[in-house]
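Visitor: Could you take me on a close look at the salt bridges here, and at the parts of the chain that they link?

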Amino acid sequence: MAGQQFQYDDSGNTFFYFLTSFVGLIVIPATYYLWPRDQNAEQLRLKSLRRVHGRCLWYRLRLMKSQQSIVPTLKKAALLFGWAVFLFLAYKVSKLDREYQEYNPYEVLKLEAGASIAEIKKQYRVLSLKHHPDKGGDEAMFMKLAKAYSALTNEESRNNWEMYGNPDGPRVTSFGIALPAWIVDQKNSMLVLMCIFILINTTQLFMHFMYKTPTMNMKRLVMVLTAAFEFDPRSNKEAIIRPTDNIEVPQLIRELGNINVKKKEPPFCYPYSLKARVLLLTHLARMDVSENVEEDQRFVMKKCPALLQEIINVGCQLTMMATSRGGLRAPRLSSIENCMKLSQMVVQGLQEAKSPLLQLPHFEEEHLRYCISKKYKVRTLQDLVSLKDSDRRNMLRFLGEEKYEEVLAVLGSFPYINMETKLQVLDDEDSNNITAGSIVTVTVTLTRKRMSVSSTFVRISHESIQMFNAKTNKTKVWQNKNKGAKKAAKSKKKKLTKKKPVTQQQAKGDKAKQANGNVAGNDVAAASKAEEDDLSDKGSESDEAEGNKDSPSERDEESDKQSDTEVDEIAGDDEEEWEALQQSIQRRERALLETKSKVTHPVYSLYFPEEKQEWWWLYIADRKEQTLVSMPNHVCTLKDTEEVELKFPAPSKTGNYQYSVILRSDSFMGLDQIKPLKLEVHEAKALMDNHPQWDIPETEEEEDDQEDSDGIEESEEDEEDND
């Protein structure tokens, strides 16, 4: 009876197909991305970055690597070897015999289809004598000949071959898996799976501690980060435990002070975790270490940004699980923001409490006293940019001219982000009306400029604000006078509307007063005269309107015009909303189809060991409740301008809510931005049971039935007339 059977490839034929495809999927993209480019282009790029990034650690390391020609040679050799293996496997596959061929007895007996029984017997006799085992022939071939002869001469075997393609009847359907059996052997399971679950183990570790400690301070976060399995030599061969670690690591611990060495909670007490923690803390403290320790320190620092991003992803997953299911503890907003701050600290090599001015070259701790003095009060990079040139030069007088120019060049390369937000509910009739439970979309437009370009803007904005305040202070009295004059004019308007006819005596008295009055009196009289003229004009217009009230046709025309204008305004608003919706859909489609480069702008980092690009986190948070409102969006493509959509469900209760749109850098300290976001939630509209579009009046149905019946009667009368 026919059935199904699954079997692994023990012969290795189909495995070659799998291996050829696998090697091709690696070699072809690797050649495109890893083949050494023109060295002159890289040298020119490094030369253009030298003025700003010349003192950075990653720049010096990259310059040393570019001068060593052995790396491109090794890359070429490895890629050529991969192509050789790929071509060899392709040749091997082309020479493989097909194991599963359609059975044809005529081909076995070397006869043409439709040969007679006599020809079949004659050919079988000749071939059987040639391949008979007793006469030194091939036994397998002899069995094939006998099977073919039986299939063509025996009626039952012939019917089986014609119906099932096999003289013996239906066969078991066999499905081959293009993997050798040793891969799925239980003995080799740990060897195969060890390469797959290292990162999963690290993710599970992060999830355990994020759930265990929802409020995670910076010290605890450092311990969790350095406990990752990427730093364990048993899981990662790149991690190294040196014999000198027993001497150098305790010495560094004594210099650092309290780093929770006596904590016995695993895996924080393991040697690899303790060493990684010491290396991270010495990096943040900018301590001098030996060459061996510095090499291990660079390895740890390179891994930290990706691991911190993984911790943020885990925190977001726990937040979504707690929101959807309930009963789970979501991480606090401070825990996730500490991960972002630690990423900045790792890239810049600074501790949390240090001044962001230390990111600049030639700035030391003793120089900060010049900046934070009462005269200048410079504590941030923005304060330094907003200073006048003369004040800035005077404050930084401890720097020589060359160093001062370098500081200005580096400061000018720092990013200045302009953030604009737009709040709306897409796919809704009224996009500006936020109802309870609706999906709110906040479109954030980020525009990146350099501080050298934006410094003028910052300075102008500060001066303009001061000038505006000065003007408002000076004009307060004038504004009060103006308000008094307006009130007087309004009161006079009321008096003029109730004014009685002026007598001759009153007119004479007014003239005398005007003759003896001052300039203000003349102004008031002129104003009253102008008001009387206005009132007379209004009176004439009202009289004309009253005279026109008697014509109903004109009133109908006016009402029609008003209704037409209202309809046009509504249609115009609908068209604008429709265009905005279409533009949003097109932006989303382009974002799905386009693959933007993550190479934005190199980060100025004095102590980070590899080149880092400017990336940002953008999210919405409720800082009062310490919760995330929208998940952090890792913006990795902000080169000039980027538009990001943040979506979140509106609260289920009506009222006013105060959120914050937060932009954080993953590389720079002191450049974060927080913008308030006010949310007014209204009650959701009740669902309509019967839409007016589908309501058909009974009178229309009766009229339709009457028309149908009339049509039938008319057709019957016509037929009778024809008869």
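Guide: Let's start inside: Arg448 is buried, and Glu614 is buried too, where buried means under 20% relative accessible area, exposed means over 50%, and partly exposed lies in between (1.4 Å probe, protein chains only). Their side chains meet in a salt bridge at 2.7 Å, N to O. By salt bridge I mean a side-chain nitrogen of Lys or Arg within 4 Å of a carboxyl oxygen of Asp or Glu. Arg448 sits in strand S5 (residues 439-450) and Glu614 in the loop between helix H24 (552-593) and strand S6 (616-622), so this pair ties together parts that are 166 residues apart in sequence. Helices (H or I, at least four residues) and strands (E, at least two) are DSSP runs, numbered from the N terminus.

A word on the model before we go on. It is a predicted one, in which local features need pLDDT of at least 70 and side-chain atom pairs count only at pLDDT 80 or more, while totals for chains, interfaces and linings use all residues. Residues are numbered from 1 along each chain as its sequence is written, and side-chain values use heavy atoms, with hydrogens and water left out.

Across the whole structure, a search finds 20 salt bridges. Another of them pairs the side chains of Arg242 and Asp296, at 2.9 Å from N to O. This one links distant parts of the chain, 54 residues apart: Arg242 is in the loop between helix H11 (218-225) and H12, and Asp296 is in helix H14 (residues 291-325). Both Arg242 and Asp296 are buried.

Asp672 counts as partly exposed because its relative accessibility is 28%, whereas Arg664, at 7%, counts as buried. As for shared partners, salt bridges join Arg242, Asp245, Lys275, Glu295 and Asp296 into one network.

Finally, let's see how two helices pack: H12 (residues 245-256) and H13 (residues 271-284) have axes 10 Å apart, at an angle of about 50°. Axes here are lines fitted to C-alpha atoms, for helices over the stretch in contact, and angles run from 0 to 180 degrees between N-to-C directions. H12 and H13 are therefore oblique to each other; angles under 35 degrees count as roughly parallel, over 145 as roughly antiparallel, 65 to 115 as roughly perpendicular, and the rest as oblique.
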